[in-house]
Amino acid sequence: MWIPIQIDDKSAEPLYHQIETQLRSLIISGNLAEGTLLPSIREFAGDLKCSVITVRRVYQDLEGEGLLRTRQGTGTFVSHVGDGAREEFRRETVRKALEAAVDAGRSVQFGREELEELFREMVKRKYGEEDNKGE
């Protein structure tokens, strides 16, 4: 099974973290359904051109979070993800991105009003004028 993981060799983010973050997102978003059999550690490492140890760590971390389950001799499968976990993941993903944006703004002495205005402009541009009629 092919899993759409994009690795950026030039990123400062560790390889295992890039893989883990993307795989977690695919599971929680429902793009990888409950019960989906994932590639073996060796096969996935080969597909991603990385170490078996890296993929093993990703699988173990996600299994520890309850997103994967491994059955000896059968393989690693996607576990059930409840609606509460899905919503929490969505909120946390956006919260982290917004926090990073605010930190970046503050680092270049952007004021609060400037940040809020820029945020509104971005939302308007990405969602279009129709979605902002309630303002």
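A salt bridge is a side-chain nitrogen of Lys or Arg within 4 Å of a carboxyl oxygen of Asp or Glu.

Good morning, colleagues. This is a predicted model, in which local features need pLDDT of at least 70 and side-chain atom pairs count only at pLDDT 80 or more, while totals for chains, interfaces and linings use all residues. Residues are numbered from 1 along each chain as its sequence is written, and side-chain values use heavy atoms, with hydrogens and water left out.

I begin with the overall division. The domain assignment, which is automatic or taken from a database, gives domain 1 as 15–78 and domain 2 as 83–130. Their centres, taken over C-alpha atoms, are 29 Å apart.

I turn now to the helices, which are DSSP runs of H or I with at least four residues, numbered from the N terminus. Two packed helices are described by the angle between their axes and the distance between the axes. Here the axes are lines fitted to C-alpha atoms over the stretch in contact, and angles run from 0 to 180 degrees between N-to-C directions.

How do α1 and α3 pack? Their angle is about 45°, with the axes 9 Å apart. That makes α1 oblique to α3, a term for angles that are not under 35 degrees (roughly parallel), over 145 (roughly antiparallel) or 65 to 115 (roughly perpendicular). In contact, meaning heavy atoms within 4.5 Å, are L15, Y16, I19, E20, L23, R24 and I27 of α1 with T54, R57, V58, Y59, D61 and L62 of α3.

The side chains of E20 and R24 form a salt bridge, at 2.7 Å from N to O. Because they lie 4 residues apart in helix α1, E20 and R24 are separated by about one helical turn.

Helix α1 (residues 15–28) also packs against helix α4 (residues 83–107), at an angle of about 135° and with axes 10 Å apart. This angle makes α1 oblique to α4. The contact joins R24, S25, I27 and I28 of α1 to A85, R86 and F89 of α4.

Finally, helix α2 (residues 41–48) and helix α3 (residues 52–64) have axes 8 Å apart, at an angle of about 120°. From α2, residues I41, R42, F44, A45 and L48 meet V52, V55, R56 and Y59 of α3. Thank you for your attention.

Terms used:
Helices (H or I, at least four residues) and strands (E, at least two) are DSSP runs, numbered from the N terminus.
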